[in-house]
Amino acid sequence: MNFDFSDDQKLLRDQARKFLAEKCPPKAVRAVLEGEAGYDRALWKAIAEMGWLGTAIPENCGGLGLGYLELCVVAEELGRALAPVPFSSTVYLFAEALLAAGSEQQKSRLLPRVADGTLIGTFARAEGPGAVTPKSTRVSFRSGKLSGIKTAVVDGIDADFAVVLARTSDEPGERGLSLALVDLNAAGVMRKAQDSIDPSRKHAQITFDAAPAEALGTPGEGWAVASRVLDHAAVMMAFEQVGAADACLVMARDYALNRYAFGRPIASYQAIKHKLADMYVNNELARSNAYYGAWALSTGAPELPLAAAAARVCATQAFDYAAKENIQTHGGVGFTWEFDCHLYYKRSRELALSLGPQRLWKDRLVSALERANAA
Amino acid sequence: MDFEDTAEEAKFRAEVRNWLDANAPAVDDGEGAELADRSDPKFLAAAKAWQAKRAAAGYARITWPREVGGYGGTPIQQVIFNQEEGRSGNVSALNAPFAIGLGMCIPTLMTYGTREAIARYVKPALFGEEIWCQLFSEPAGGSDVAGLRTRAEKQDDQWIINGQKIWTTGAQISDYGILLTRTDPNVPKHKGLTMFYIDMRDPAVEVRPIKQASGASGFNEVFLTDLRVKDSQRLGEVGDGWRVALTTLMHERLAVGGGQGGGLDVPQLLALARELELEDGPAIRNAAVREKIADWYVRSAGLKYTTYRTMTALSRGQQPGPEASIAKIVVAPKLQDISAFATELEGEAGALKGHDAAMEGIFQAGWMGAPGLRIAGGTDEILRNIIAERVLGLPQDVRVDKDLPFNKLPSGR
């Protein structure tokens, strides 16, 4: 049994933690949260210099070619620090979509720029409130032109390129959908900043008006590729969520130990102890599911859809609980702008929604269980 | 990252598998379930025979030294043996009568007993010839074990013991037991305790089964009336019983911690959901049902992979992290919730049990047993305190009983 990260991977984790503690204190998260800039440019540059952006990108595409386990280790630390950079959009989604469906030309043209930090990418799916389904996907991509409106596109303002889920034929269901690769600085693309629940991660509405775009992958397979990309992203995002949930537990614990009420530390009251014990239990379950997801991702195992959905659901639940109960443990000050609790609370909801809500992932999980059971 | 054995582990696993193939008795599923009644002489005979066979081969306790009849192996080898034994039909069920004795009582005896006692008792326990039980809990001391009232009073070279124990697993089939008593009520409660081992066949010991809320009787009350015990049967110093008990309880948490739930988990719920029709079609297609299945699946899977992390630490020769302590808090409430939800799916017919119910009534039985599982071996609340204090380093609750003499403590009714 060897179900843990290697010593080298743990070393990378320690380095990443130290690096982010220095370069990405809560002050840096607040600067983006309260400011106009879409992300922390200095941090992004430093992260690019560390080589993290190309961790799982093959060497012939300008990356380090290390693998997903290393990327997961980094993701946990980015989550712990609430790093306000377009890492997940660019690396977990954009680069993964290119790796999953891109032509050699597309990959060799764009991935080196992802790896060196000169290209920010994103993946646009939603067009309004409600589920993203083949039926709700109306943005059209025909004869090399993209038209329609995408909403809540993470890092949409700062991204240079986007992968867009779009309709390429009137065929009903999934088969009518394809992925389009679009240069967001080209003509026919208009972007509008949207107010985010977590302003440390900016969102945008993107309007395409016959914008020139190229196909990413085989027409009619957009939905299937998107689904695979989401599985990959879910595992790495789960590590971000686990890291952030652990940070909440540490904050709540430290506060409870030092806050006195009725003549004693509130950490001595069972109402608080049991809350924190539950947080710990949730976080450990989430961590273990995330590890399994990492194993499935790194080995290309057929269990990946189940492992990814379980990692996603469990990590979302853990971070949700940890973030809200961290505020509760702090009491009134936890609800002030001055304390950092709200940074985590906001991020917990943003991450819970950005790859699709729990409802979607629970459904995917049970579908995977049904398939496993039928096999 | 992988789930493979090391070369040495694979060798040990093959050795164990060969031995089990050649030696494990056939216990079929139906029989295994019936056999859970430990008092059944047929079950006890089969269990003792299997225990003797395992002990003769050195497999009864993998981590014990060879000098006392163990295998002299590592914790990961114990895990591997358990896994392989678990694969051999229901043969693991035969170990139940010896779990407490070998898991808790004998390790305590080996730590605190005299050389003569160790020479006399360890081997017969290991070979299943003698069964041990643990007499700690009392009507007035459950989670607060140190609040116990059973009195031991010294008379010359003997102790006279009077009192009542409760929730004693296996007392009705036990030959010996370790017993925690109060020897000094004039000092604070943790300081006035002393541990002994006793002969359960002594006429001064009366065992009565407890009829549980589920109707089953897995536990007993034990009444001790003027029981005379030699001072040489004392384990540890007079007044040092709490420290001795902590040794035992540490072993209990390890022994009771994992893998419970009576085989009822998400796969069974999934099977039921595929079978049943609800108002809007098959239950498995119902969004609310799917959400619930997913909620419980991630907790089950989370525990499974947490166990893998623990095994990885053992395999690397490291001390497992505190994550191993979460199992029972997750398993017991989940069992209760899954089984209640399953009866909801069954609708009006969910009120039936046993052969009259869907899937032979496993959900009704799980629901009925779940309250006990949430209490036995540390209540949900005590386990949360343990995580909060030992894992997260939070302080103990304020204790009003710490410095008062035991006989000055308020005792409720």
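**A walk through chains A and B**

Hi everyone, let me start with one pair of residues: in β7(B), the bridge partner of B:I161 is B:L227. What we have here is a predicted model, in which local features need pLDDT of at least 70 and side-chain atom pairs count only at pLDDT 80 or more, while totals for chains, interfaces and linings use all residues. As for names, residues are numbered from 1 along each chain as its sequence is written, and chains are lettered from A and ligands numbered from 1 in the order in which they are written.

Let's stay with those strands. Strand β3 of chain B is joined by eight bridges to strand β7 (residues 219-230) of chain B, and the two run antiparallel. Strand β2 (residues 151-155) of chain B also pairs with β3(B), residues 158-166, again in the antiparallel sense, over five bridges. A quick note on terms: strands pair if DSSP finds at least two bridges between them, and helices (H or I, at least four residues) and strands (E, at least two) are DSSP runs numbered from the N terminus.

Now over to chain A, with its 11 helices and nine strands. How does the radius of gyration of chain A agree with that of a compact globule? For 375 residues such a globule would have a value near 21 Å, and chain A has 21 Å, so the two agree. That radius is taken over C-alpha atoms, and the globule rule is 2.2 Å times the number of residues to the power 0.38. The C-alpha trace of chain A spans about 75 × 50 × 40 Å along its principal axes.

Chain A is divided into domain 1 (7-115), domain 2 (121-219) and domain 3 (224-374), with bounds from an automatic or database domain assignment. Between domains 2 and 3 of chain A, the C-alpha centres lie 28 Å apart. Across that boundary, 13 residues of domain 2 of chain A are in contact with 11 residues of domain 3 of chain A, contact meaning C-beta atoms, placed from the backbone, within 7 Å.

What about the inside? In chain A, 55% of the 375 residues count as buried, meaning 20 or more other C-beta atoms within 10 Å of a residue's own; 12 or fewer is exposed, and in between is partly exposed. The largest nonpolar core has 229 residues, and A:A97 is one of those with the most contacts inside it. Such a core is a set of buried Ala, Val, Leu, Ile, Met, Phe, Trp, Tyr and Cys residues joined through C-beta atoms within 7 Å. Helix α7 (residues 222-258) of chain A gives the most to this core, with 21 residues. Leaving aside neighbours within four places in sequence, A:A97 is in contact with residues including A:F123, A:L179 and A:V229.

Finally, where do the chains meet? Here 37 residues of chain B are in contact with 39 residues of chain A. Helices α9 (287-315), α10 (327-346) and α12 (380-391) of chain B each supply at least two residues of the side that touches chain A. Of these, α9(B) gives the most to that side, with 17 residues.

Thanks, and happy to take questions!

Notes:
Contact = placed C-beta atoms within 7 Å.
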